[in-house]
Amino acid sequence: MKKAWKRIAGKKRRGAPLRVVFVRHGQAFSGPGEDTPPGPPLTPLGLRQAGRVARRLKGEKFDHIYVSDMARARETARAIVRHHKRTPCTVTGDVREILPEHFMRELPRPKPYPMGLFRRERASIARFARLL
C-alpha cells in the first residue's frame, strides 16, 4: 500500500492527502485601482458575507491559512482567523486573483492575451505551490 505524503513548508509529512480550501472574498467596493494592491475594502455586505463564511468554517481544522495581500481578501481572512487563532496565517501576493486561462488546455482565440501578465501569474502560482 502506498503511503500518502503531503508537503508543508518544504518538508514531507505522512498523512492524508493535501486538502486545499479556497474562499472568495466578500463583496468589495469597485472602482479605480480595484486590481492593484491594496485594492478596495469590503462593503458592509462584504463584511457580513465574511462573517458568515467564517462561522461556516469555524469547525474546520486548518494547518495554515494563506491570504492575498489585497484589502478585500485580508478583511475576509481576518473574520476567518478570529475562529482559528492558533493557525498560522501568511499574507502573500502570490495568491491574488488570476486569470482563468491558467487552467485551460488552450488559450482562447482571438482574444488578445497579455502574455507578460500570464507569465507573472504563472510564476506566482509556482511560488505558492512550493509553500504547500
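This is a predicted model: local features need pLDDT of at least 70, side-chain atom pairs count only at pLDDT 80 or more; totals for chains, interfaces and linings use all residues.
Mentor: Numbering runs from 1 along each chain as its sequence is written, and side-chain values use heavy atoms, with hydrogens and water left out.

Trainee: What is the order of elements in the protein chain?

Mentor: From the N terminus on, β-β-α-β-α-β-α, with three helices and four strands. Those are DSSP runs, numbered from the N terminus: helices are H or I of at least four residues, strands E of at least two.

Trainee: Which residues of helix 1 are buried?

Mentor: Gly 46, Ala 50, Gly 51 and Ala 54. Buried means under 20% relative accessible area, exposed over 50%, partly exposed in between (1.4 Å probe, protein chains only).

Trainee: What makes them line one face of the helix?

Mentor: Take the directions from the helix axis to the C-beta atoms. Seen down the axis of helix 1, the buried residues fall within an arc of 145°, so they line one face. The face turned away carries the exposed Pro 44, Arg 55 and Arg 56. Helix 2 (71-81) is included in what covers the buried residues.

Trainee: Why is the pair of Tyr 66 and Phe 128 called edge-to-face?

Mentor: Rings of Phe, Tyr and Trp (its six-membered ring) pair if their centres lie within 6.5 Å; planes under 30 degrees apart are stacked, over 60 edge-to-face, the rest tilted. Here the centres are 5.2 Å apart and the planes at 85°, so edge-to-face it is. Tyr 66 lies in strand 3 (residues 65-67) and Phe 128 in helix 3 (residues 115-131), so the pair ties together parts 62 residues apart in sequence.

Trainee: Are those two residues buried or partly exposed, and why?

Mentor: Tyr 66, at 23% relative accessibility, counts as partly exposed; Phe 128, at 14%, counts as buried.

Trainee: Why does Asp 94 count as buried?

Mentor: Its relative accessibility is 17%, so Asp 94 falls on the buried side of the cut-off. Asp 94 sits in the loop between strand 4 (89-91) and helix 3.

Note on methods:
Contact means heavy atoms within 4.5 Å.
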